[in-house]
Amino acid sequence: MSSWPLYDSIGTGRPDSDMAVRRSIGLSLGADLDWPICYEELIRRLELEIQVGADRLRFDVERVTIEPFDLQQPCRYDVVLDRLTHWYHVSREWIKKSILLDDLYVLNNPWTLQSMEKQTTYCALMRLGFPVPSTWMVPPKSYDGHEDLDVTLERYARLFDLGKVGEDLGYPLFMKPYDGGAWKGVSRIENGHELQVAYEQSGSNVMHLQESVEGYDVFVRSIGIGPQVNLVRYEPDAPLHDRYKVDFDFLTPDEETYLRDQMLTINAFFGWDFNSCESLRRDGVFHPIDFANACPDSQVTSLHYHFPWTVKSLVRWTVFCAATNRPMHTKVDWQPFFDAAEVADREGMALEERVAAFGAIARKRLDAARFEDFCQEHLGALDEVALEFFGSDVAKRAVRAKVESLFPKHEHDKFTEHFWGLLEFWRKTETDRLALNG
Ligand SMILES: Nc1ncnc2c1ncn2[C@@H]1O[C@H](COP(=O)(O)OP(=O)(O)O)[C@@H](O)[C@H]1O
Ligand SMILES: [Mg+2]
C-alpha cells in the first residue's frame with residue numbers, strides 16, 4: 001500500500017520500467033471480504049500483458065482508501081469497481097469528482113444510482129411494456145421535521161381511504177419502501193386490517209403497495225455484469241445461505257434469451273454495469289418485481305456455486321473497461337428505448353419480440369460484440385486460471401474468512417466445508433464444460 005495521500009497520485013497510463021503501460025483498477029469496498037481476495041488473486045495469476053494499439057498494457061489492482069481529498073488532485077485509477085456509492089457519500093463524491101475531472105470509469109454510474117430508485121425503475125419498465133405488477137404510491141403516515149410542510153399538507157393533502165387502494169389492488173399485496181433494498185420494510189399483506197397496521201408502522205417512509213404475483217412457479221435472479229448475464233433460480237423463503245439454487249435447465253432457451261435481454265435492457269437503460277433483477281414466472285410470463293439492485297450481494301456465502309462466475313465476470317468487464325479506456329456514459333439516454341417501444345406498440349409486437357429489440361440496443365451500448373472479441377483474444381487463460389484458483393488454499397481461506405465474519409464460532413467449520421463443497425462442485429461442472437468446449 002502506498003503512503004498518504006492515497007487519492008493523490010502520479011496519474012495513470014504511465015510506463016513502467018520495461019516500458020509497459022500500467023492500467024490501475026481500484027476496489028472501493030465495504031464489508032466485502034471474499035470476492036476482492038479472489039478478484040485480486042485472479043488478476044495477479046493472469047499476469048496480463050495486453051497489446052492495445054501501440055501500448056503494451058499491464059494491470060494493477062488496489063483498494064481505494066478513504067481520506068481527505070483536494071477536488072483537483074488527480075485520480076490514480078482508470079477503473080473503479082465500487083460497492084459504496086449507494087450509501088457512503090465521501091466515496092461517492094470522490095468518484096463523482098474523478099469522473100468529471102479525470103475520466104474515471106466506474107461500476108456503477110453514481111448519478112443514476114442517486115436518482116433512480118424502485119419507483120423510477122417500475123415506471124420506466126411499465127413504459128417499455130414489461131409486465132410489472134400494478135403498483136401504487138401512497139403518501140407517508142407521518143412526517144418528521146418538515147415544519148414548512150404543514151401548510152402544504154393542510155391545504156392539499158387529501159384524506160384518503162387506504163382500504164380502497166388495497167381493494168383496488170386486491171389481496172395479498174406487498175407494501176415496500178419506494179426506494180428500498182435488502183428487504184427492509186417489506187411486508188406481505190393479506191387483508192385490510194393488516195394493511196392498516198403495516199401503514200401505521202411505516203412511519204415517515206414513502207411506500208409502494210404492489211399487487212402480489214401469486215402462484216408463480218419460478219423465481220429467477222438475473223445478475224448482469226457489463227454484457228454478461230447469469231440466470232439463477234432463487235428461493236426467497238429459504239435460509240439466507242440457500243436462496244440461490246444450483247439448478248440447470250429450469251428455463252427454456254427462449255426464456256433464457258428473453259431474461260438476458262431483459263437484464264441487459266435494464267442495465268443499459270439506467271446506465272448500470274453491475275446489477276441484479278428479480279423476476280417471477282406465472283403462466284409462462286415473467287413479471288419483474290425488483291430490478292434496482294446495483295452492486296448486488298457478491299459474497300460466497302450467498303452465491304456459493306455462482307460465486308466464481310461473478311468474480312470472473314467482474315475481472316473480464318473491468319479489464320476490458322480499463323484496457324479500452326471505456327468512456328463513462330454520463331448522459332442518461334432513454335429515448336432509443338422509448339422509440340423502440342413506440343414501434344413495438346404500433347406494430348403490435350409480442351413481448352419477446354419487443355424485448356429482443358431493446359436487447360439489441362442494450363448490447364450495442366454495452367459494447368457486447370467488442371467485449372466478446374476482447375475476451376477471446378486476451379482473456380482466454382481466465383477459465384483455466386480460475387479453475388485452478390478456486391481449488392487453492394487462498395480461495396479456501398477467503399471462504400473461511402467470510403464465514404467467520406458471518407456465522408457463530410461453532411458453525412465455522414461446518415459452513416466453510418458447505419460453501420467449499422459447492423465450489424468443488426462448480427469446479428467439477430466447469431471441468432466438464434471446458435472439456436466439452438475444448
Ligand atoms: N409483487 C410481488 N409479488 C410477489 N412477491 C413479492 C413482490 N414484491 C416483493 N415480493 C417478495 O418480497 C421480496 C422483497 O421485495 P423486493 O421488492 O425484492 O424488495 P428489496 O428491494 O428490499 O429486495 C422479494 O424478493 C419477493 O420474495
Ligand atoms: Mg429484492
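Student: Which residues of helix α4 (residues 118-128) are buried?

Tutor: This is a predicted model, in which local features need pLDDT of at least 70 and side-chain atom pairs count only at pLDDT 80 or more, while totals for chains, interfaces and linings use all residues. Residues are numbered from 1 along each chain as its sequence is written, and chains are lettered from A and ligands numbered from 1 in the order in which they are written. A residue is buried if 20 or more other C-beta atoms lie within 10 Å of its own, exposed if 12 or fewer, and partly exposed in between, with C-beta atoms placed from the backbone. In α4, the buried residues are K118, T121, Y122, A124 and L128.

Student: Which elements are included in what covers the buried residues of α4?

Tutor: Helices (H or I, at least four residues) and strands (E, at least two) are DSSP runs, numbered from the N terminus. Contact here requires C-beta atoms, placed from the backbone, within 7 Å of each other. The cover includes β6 (135-138), β9 (207-211), α8 (253-270), α11 (335-347) and α12 (351-365).

Student: Which residue follows α4, and what is its phi?

Tutor: The helix is followed by G129. The phi of G129 is positive, near 100°.

Student: How far apart do the C-alpha centres of domain 2 and domain 3 lie?

Tutor: Domain bounds come from an automatic or database domain assignment. That assignment gives domain 1 (21-111), domain 2 (134-211) and domain 3 (218-437). Between the C-alpha centres of domain 2 and domain 3 the distance is 33 Å.

Student: Which residues are closest to ligand 1, and which domains give at least three residues each to its shell?

Tutor: A residue counts as near the ligand if its C-beta atom, placed from the backbone, lies within 6 Å of it. The ligand is surrounded by 17 residues, of which the closest are F174, S212, V213, P236 and D290. Two or more residues come from each of β7 (173-177), β12 (274-282) and β13 (285-290). The domains that each give at least three residues to the shell are domain 2 and domain 3.

Student: How many residues of each class does the shell around ligand 1 have?

Tutor: Ala, Val, Leu, Ile, Met, Phe, Trp, Tyr, Cys and Pro count as nonpolar, Asp, Glu, Lys and Arg as charged, and the others, Gly among them, as polar. On that basis the shell has 9 nonpolar, 4 polar and 4 charged residues.

Student: With which residues is V311 in contact, leaving aside neighbours within four places in sequence?

Tutor: V311 is among the core residues that touch the most other members. Beyond those sequence neighbours, V311 is in contact with W35, C38, Y39 and L42.

Student: Is L382 buried or exposed?

Tutor: L382 belongs to helix α14 (residues 382-389). Not counting residues up to four places away in sequence, L382 touches L46, K312, V315 and R316. Because L382 has 20 C-beta neighbours inside 10 Å, it counts as buried.

Student: Is E47 buried or exposed?

Tutor: E47 lies in the loop between α1 (34-46) and β2 (50-52). Although it is not a glycine, E47 has a positive phi of about 45°. With 10 other C-beta atoms within 10 Å, E47 is exposed.

Student: Where is P172, and what is the omega of the peptide bond from Y171 to P172?

Tutor: P172 is placed in the loop between α6 (162-169) and β7. The bond from Y171 to P172 is cis, and its omega is near -5°.

How values were computed: Core = buried A, V, L, I, M, F, W, Y, C linked by C-beta atoms within 7 Å. Contact = placed C-beta atoms within 7 Å.
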